[in-house]
Amino acid sequence: MAYPADALFTFEGVDDNPGFLLNQVTAHWHRQLAQVLAPHGLTPTQFLLMTSVHRLSQRPEPVTQALVAQHARTDKMTTSKTVRALEEEGLLARPTHEQDARARSLSLTPAGLKAVVRAAWLVEEFDQQFFGPDVARLMQTLQTLRPPQPELPKQAADPT
């Protein structure tokens with residue numbers, strides 16, 4: 001059995017380490033995505049949170065900042081800072097929640113909806129080009145590695 005050149009690591013080199021490669025690919029994808037979104041004045045994190053607001057707004061419950069952070073799997077501080085920036089840019093509204101004065105209800109403004117729809121088309125096209133024809137196999141692998149999604153609150157039953 002051949003031993004690795006560096007006794008600290010079990011992999012021969014960085015190109016044999018899946019975590020290192022995953023980090024490099026993720027960073028490359030993120031930089032490329034930022035370039036796609038930049039002409040529209042959005043960052044990848046802003047786009048992620050806006051799409052989460054959009055998806056969650058299809059449910060009957062109010063979309064809170066905490067719910068968006070949970071859905072997007074972003075930390076609360078990043079979510080808070082990003083949401084405030086989006087509000088300042090007129091892309092999100094975040095009034096105080098009706099039942100909880102500590103919470104904020106989030107919704108896309110008309111300008112925010114327009115921005116996320118435009119950007120979504122570009123991101124879809126970018127992802128198809130970036131990941132190529134092996135996207136189905138990649139998705140299977142990534143879904144097995146991803147931690148479970150925290151359970152979102154159940155939708156209220158429709159009384160009708």
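The exercises below, each with a worked solution, concern a predicted model.

**Exercise 1.** Determine which residues of helix H3 are buried, and what covers them.

*Solution.* Begin with the helix itself, which runs over residues 65–72 and has Gln65, Leu67, Val68, Ala69 and Ala72 as its buried residues. Finally, step past the end of H3, where arginine 73 follows with a positive phi, near 60 degrees.

**Exercise 2.** Compare the reach of H2 with its expected span, then list its buried residues and what covers them.

*Solution.* H2 has 13 residues, and from its first C-alpha to its last it reaches 18 Å, which is close to the 18 Å expected at 1.5 Å a residue. The buried residues of this helix are Pro44, Gln46, Phe47, Leu49, Met50, Thr51, Ser52, Val53 and Leu56. Their cover includes the helices H1 (18–37), H3, H4 and H5 (110–131), together with strand E1 (92–93) and strand E2 (107–108).

**Exercise 3.** Locate threonine 109, decide whether threonine 109 is buried or exposed, and identify what threonine 109 touches.

*Solution.* Threonine 109 lies in the loop between E2 and H5. Its relative accessible area is 17%, and the cut-off for a buried residue is under 20%, so threonine 109 counts as buried. Leaving aside residues up to four places away in sequence, threonine 109 touches Gly90, Leu91, Leu92 and Ala93.

Definitions and conventions. Residues are numbered from 1 along each chain as its sequence is written. This is a predicted model: local features need pLDDT of at least 70, side-chain atom pairs count only at pLDDT 80 or more; totals for chains, interfaces and linings use all residues. Side-chain values use heavy atoms; hydrogens and water are left out. Buried means under 20% relative accessible area, exposed over 50%, partly exposed in between (1.4 Å probe, protein chains only). Helices (H or I, at least four residues) and strands (E, at least two) are DSSP runs, numbered from the N terminus. Contact means heavy atoms within 4.5 Å. The expected span of a helix is 1.5 Å times one less than its number of residues.
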